[in-house]
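Please consult the sequence and structure shown below.

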Amino acid sequence: MNLGGDISEENDTNKGSMWVLDQKLDQPMDEEAGRLRTMYREKTFSSLLLLRFAFQSLGVVFGDLGTSPLYVFYNTFPHGISDPEDVVGALSLIIYSLTLIPLIKYIFVVCRANDSGQGGTFALYSLLCRHAKIKTIPNQHRTDEELTTYSRSTFHEQSYAAKTKKWLEGHASRKNALLVLVLVGTCMVIGDGILTPAISVLSAAGGIKVNSPKMNNDYVILVAVVILVGLFSMQHYGTDKVGWLFAPIVLLWFILIGGIGIFNIWKYDSSVLRAFSPVYIYRYFKRNGKDGWTSLGGIMLSITGTEALFADLAHFPVSAVQIAFTTVVFPCLLLAYSGQAAFLVVHHDNDETVTQAFYLSIPDKIYWPVFIVATLAAIVASQATISATFSIIKQAHALGCFPRVKVVHTSKKFLGQIYIPDINWILMILCIAVTAGFKNQSQIGNAYGTAVVVVMLVTTLLMTLIMILVWRCHWILVVIFTGLSLVVECTYFSAVLFKVDQGGWVPLVIAAAFLIIMYVWHYGSLKRYEFEMHSRVSMAWLLGLGPSLGLVRVPGVGLVYTELASGVPHIFSHFITNLPAIHSVVVFVCMKYLPVYTVPEEERFLVKRIGPKNFHMFRCVARYGYKDLHRKDDDFEKKLFDNLFMFVRLEAMMEGCSDSDEYSLYGQQTEKSRENLLNNNGNTSPSIGDFTMSTVDSIVPVRSPVNGNNTVTSQMSNQTEMYELEFMNNCRDAGVVHILGNTVVRARRDSRFYKKIAVDYIYAFLRKKYSSAMLLQLAFQSLGVVYGDLGTSPLYVFDNTFPDGIVDKEDVVGALSVIIWSLTFVPLLKYVFIVCRANDNGQGGTFALYSLLCRHAKIKSVPNQDQTDEEVTTFSRNTFGEKSFAARTKRGLEGHAFLHNMLLILVLIGSCMVIGDGILTPAISAVGGTNVHHKWISKGTKTLFADLNHFPVYCSSFLKRAS
């Protein structure tokens, strides 16, 4: 029976019979996919429900954009206003920026490019990955394209879209360039998650100084930091319980700023409404020249939050977001900016007025209520940005572009509400550092503007490809959209470049750090996948082992986790070679993320058999979208076995229905058939007639059975099915074991130095299975075990450096300089970053180094080694070329017994000195020191290395850098 679909026999004769056998026994899962079609149509909502969604979207989508009036005019005129006409020109720029970018570009164009309701940079990238083969990790299969959520457009081969697709797929460099572009946009969104809370909360807290002008600015910063700490500390509770408050708060905020704007226009100067004429933009630039151009960095802040608008789109229908923006957000923002402009036209001669333009323009009677609502709105805006950051990091992780992090789902009702502890604390530390470090809105605003404009440029470039490949727009429309967007955004980008040295460098540094992490992780994952694909176990080799696999098959089920969706992973041969037994049933489980937002539950698992039936080996591919929740719990295990049993029954039924092996599975599987297939969890088996009646639309024989032997075949297959299901049930009852292998990635010796740094250091560190919380805990514990000796050195260093007193105060500075550089070169550079890496599987000390050398060269003075000793799994050593310097050194050491003895004596001397440290350290720590010199400052570093076996190397490194 052919379970895996047809095999193309082209060129089979050139590849040998063993290759053909391998392909027939281990084929891609085409027919097993079953094409379980469930039509996911776009939902239609009633008018009342649409208005409800529009109201709720205010609190989630528009919080960031709505708090911009708090700081726009201050960042536009940080040095004051020289001419009231400049206020009108700036207002005109704000009006047309809000019209062109958020309204026209995002609300009416970009939001339509959502991935089944999902927004953000990675949603656009996943759309492109479905329409062109640009995903750099080649783990896709044609069965993935049969998913109901795997929607994509088709186009003619001679069309412009087909030419663009071929151009993208033509070179790996173009795929990598597109990936880097997406990662840059993602990193800038993460930067938004740091800068938005900083500038929003600091601007809102700045209202305290309005009634107390003499108040020190440090108190405002302290209040902002307290609010930020509280905000990030409450993230693990989620927003499920308080989320219903967000929409009323933001709606009240928009009503207040809109109403205050109307009041200020009526009270101060209604002539500012002439700013709706674009003529004043031209006059503004003509009058101010370069200063007017650089002020665009402040104008840019009026459209911040627009990218977060798109990233948070998943919670609501696009039409609801469009209604909320056009009816509430856009009019209220225009009124708020116009009201502030009217106020500034009258009070432009006072620099302090520009600094607190928003709060000073508030009527006195409602000042404190507005201040409270402003603070709450800033918190809501920050929360929305933080949630968007969590969401996009989860998407990046699902698509193989971010290290493994713990994801906590904070709501049982809403799947999209997540919390990532490690990222949360990193964001909090960086956010507080930005707030306390800059201490003013101007520099934070410059940094914020840089991050926003880069994200918009990335979105524009991705939208160009979306319009060509997905929407198949006419090239004229593509040129118009791309040209207008790039003209506006490049204008802003050129302005923020002038402010890189005034705070704009912050998002660039943050983005560069995250970009290195994300790209190195993706590169390492790609190389690891390529290695595993290249080193797959041959099916011919597996068949040669026989049904027992050359081992004792013990009762139970072994779930072997692998990243390969086809073939037997290399790690399995390692298990067979080193383990004395293997389970009676072996299932290779592959967790696979696809470029779709979700995979329906009934289409999640693909199951096929590996080898003959008596091998009892299967493969199960669990497919997930980037929004799906994946938990390796009892529910996952139950679903896996349900699909495994269903596969065995389908297989037996196909064998029993006809004497032909040619069957095809297609169409929607009925609920009745599914219930029958899973009935009694594999304990009983209904008759073949029942199966045929219940699944007549799912399984269709290509040739109708006309052979009289069909009844006999059915009975035999039925008996085989009952036996195998009973056997698998007994194995599951005996116990299920989850088996995980670990592939270590190392750069080749001839690789360039930056690849060695990326793979051997950065990627290796990211692969460590320590969370940040565990790292901090281990680092804290290492203080008492590793650093006690080094930490007590200040008790006696200066006393022993100047035993006869200090003659010149410059001698103290000189001694301090020697101490600083001694600490830098010996403990930090030599031991923490170099010697500690020479540990023997975590063990430190002189004899650990000696044992490493004994494994790489035959220098052990007692010749009791045997060749079988080298087969021990912990007997790890490197190999090198015969003509290398390492090989010559090895031969030199092994050539003379005298060198063996000298090396042993050297090790013994070092060990004896460590014993001497054990005697002298308690004495000098207690007494306060004797007549010794600067070397005492570094004396604890040997203890640091000797105590290394208690903790990971990077805990020591972390604490040393922190000190």
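At what angle do helix H9 and helix H21 pack, and how far apart are their axes? Helix H9 (residues 172-205) and helix H21 (residues 421-438) pack at an angle of about 50 degrees, and their axes are 9 Å apart. This is a predicted model, in which local features need pLDDT of at least 70, side-chain atom pairs count only at pLDDT 80 or more, and totals for chains, interfaces and linings use all residues. Residues are numbered from 1 along each chain as its sequence is written, and side-chain values use heavy atoms, with hydrogens and water left out.

**Helix pair**

- H9 and H21 are therefore oblique to each other (angles under 35 degrees count as roughly parallel, over 145 as roughly antiparallel, 65 to 115 as roughly perpendicular and the rest as oblique).
- Residues of H9, including Ile-190, Gly-193 and Leu-202, meet residues of H21, among them Leu-427, Cys-431 and Thr-435, where contact means heavy atoms within 4.5 Å.
- The residues of this contact of H9 with H21 comprise 10 nonpolar, two polar and no charged (Ala, Val, Leu, Ile, Met, Phe, Trp, Tyr, Cys and Pro count as nonpolar, Asp, Glu, Lys and Arg as charged, and the others, Gly among them, as polar).

**Sheet**

- Five strands form an open sheet in the order E5-E6-E4-E3-E9, with mixed pairing; two strands pair if DSSP finds at least two bridges between them.
- Strand E5 (605-609) and strand E9 (736-740) are the edge strands, each pairing on one side only.
- Strand E3 (residues 552-562) and strand E4 (residues 581-593) run parallel and are joined by nine bridges.
- Arg-553 has Ile-582 in E4 as its bridge partner.

Note on methods
Axes fitted to C-alpha atoms, helices over the stretch in contact; angles between N-to-C directions. Helix = DSSP H or I, 4+ residues; strand = E, 2+ residues; numbered from the N terminus.
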